[in-house]
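Colleague: I have a model open and a few things to ask about it. Can we go through the helices and the metal site?

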Amino acid sequence: MTKRKKRTTSELIEEPLKIPIDMGKAQRISISRLEKDIIELGKIGRREDGGIYRMAFSDADIEARRWLIEKGESVGLRASMDPAANVFLLDDRSKTNSSFMIGSHLDSVPCGGMIDGTLGVLVALECMRVIRENDIELSENLELVATSDEEGRFGGMLGSQAICGELSMDFIRRAKDVNEVSLIDAMKKHNLNAINVLKAKRHREYLSGFLELHIEQGPVLEKTKCDIGIVEDISGLFKWKVKLIGEANHSGTTPMNMRRDSFQGLAEFAHEIPRLLEENGSEYARATIGKVDLFPGNPHTVPGVTEFTIVGRDFDDEHMQEIENACRKTISAICRRRGLMFEFEELSRLSPTACDQRMVSLIEGEAQKLNLKYMRMKSGAGHDAQIFGRHIPSGMIFIPSLNGVSHSPEEWSSLEHIEMGANLLLRSILRSLAPHVL
Ligand SMILES: [Zn+2]
């Protein structure tokens, strides 16, 4: 409630007190209602270890999508699912042709947490509920999107790429998960035809922007005691599988200078990574060797073959390309010197994306009005906003992750931060589509 100024009796007679309109209500989300949704949805796909198993096109993933459709319909939103299993909840009272989109993803990694992706979907739902309850007129349709396979069972960002028309028939036909289950079969199980995924494309003329709230999934906000992160850039990423091929041999009888030890090649390359990033990447460049397999994998045998993955990240395409080139050259030089051969396969590549500057400033303005402690920041993790951002103005709001943990049952954010983030999203939507109520 707005505090009323004390008035003298004479003033009251001269000018009757106007009842102030309580604008505050329209600008606030209900944290208790949001919490209830988080707990309810958090039961879908949860297993005994406390982790969420809502991998793309699993039974739990589809159940969560149905849950959301029912929720949306119950508050009068028009619900639909496209051929890529993206769920949309539409508030089309404005009767415009185009939509402003808000949301995130509903799928999870195996043994993931309750709020990665989910929170962005539920906060968007809560914002839409508040807007409808208060009958706020919007200048454009508002549309919630809950994307499919953001987490990468079949490569990642499937839903947002489908909407943006970035997928090819070739990709759909070849896409497989780590257990060799094809996208086609996984979708068929739910009566979905993967070939139709290409039909999920929406013309960019009919989409005016995308705004996503997400947990930070890292320690920066918590360490700097900030309530909110406003994302300026989202990191690009390349993922390679590399095979170094030498010769397996007896570890006792083969002299050190007569070996073609593939693991020694990897060790030398791994050692070169910090220098390679320093010379070729930006100050934010990162590279990780996260998985290594040695063959034959016997303690008494010189490893003839070493297979490893490398994931490189940076925030502009030029640096990304330079890092990729430097990796190739370094591996090639090491192999030449050590008598090894090498093969490499690019498993995926996402270009870096900058968030829309106007959207960044708009969110920043609202964060200031809400008196939030915020910082502009970079996102080292990939998100749907990275795909949408290549086609339409996109923005992202981060809230702190407890202890910086994500992709784990321990993943959580305080209700206080969730509420701050949700109110900031609501105000940012209103600033874009209904500035008259602010
Ligand atoms: Zn996520």
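Modeller: First a definition: angles under 35 degrees count as roughly parallel, over 145 as roughly antiparallel, 65 to 115 as roughly perpendicular and the rest as oblique. This is a predicted model, in which local features need pLDDT of at least 70 and side-chain atom pairs count only at pLDDT 80 or more, while totals for chains, interfaces and linings use all residues. Residues are numbered from 1 along each chain as its sequence is written, and side-chain values use heavy atoms, with hydrogens and water left out.

Colleague: At what angle do H11 and H13 pack?

Modeller: About 125 degrees, with the axes of helix H11 (residues 357-369) and helix H13 (residues 415-433) 9 Å apart. H11 and H13 are therefore oblique to each other. Axes are lines fitted to C-alpha atoms, for helices over the stretch in contact, and angles run from 0 to 180 degrees between N-to-C directions. Helices (H or I, at least four residues) and strands (E, at least two) are DSSP runs, numbered from the N terminus.

Colleague: Which residues make the contact?

Modeller: From H11, Leu-362, Ile-363, Glu-366, Ala-367 and Lys-369; from H13, Leu-424, Arg-427, Ser-428, Arg-431 and Ser-432. Contact means heavy atoms within 4.5 Å.

Colleague: Now the metal. What are the protein donors of the zinc ion?

Modeller: His-105 (NE2), Asp-116 (OD) and His-214 (NE2), lying 2.0 to 2.2 Å from the zinc ion. Donors are N, O and S atoms within 2.8 Å of the metal (3.2 Å for Na, K and Ca); water is not among the atoms, so sites may look incomplete. Along the chain the spacing of the donors is H-x10-D-x97-H. The two histidines link distant parts of the chain, with His-105 in strand E3 and His-214 in strand E5 (residues 207-215), 109 residues apart.

Colleague: Is His-105 buried or exposed?

Modeller: His-105 counts as buried because its relative accessibility is 0%. His-214, at 1%, counts as buried too. Buried means under 20% relative accessible area, exposed over 50%, partly exposed in between (1.4 Å probe, protein chains only).

Colleague: Where is Ser-98 found?

Modeller: In the loop between strand E2 (87-91) and strand E3 (99-105). Ser-98 counts as buried, at 18% relative accessibility. Beyond its neighbours within four places in sequence, Ser-98 is in contact with Glu-140, Asn-141, Glu-205, Tyr-206 and Leu-207.

Colleague: And what covers the buried residues of H3?

Modeller: The cover includes helix H2 (31-41), strand E1 (78-81), E2, helix H4 (118-133) and strand E4 (141-147). Among the buried residues of H3 are Ile-62, Trp-67 and Leu-68. Just after H3, Gly-76 has a positive phi of about 85 degrees.
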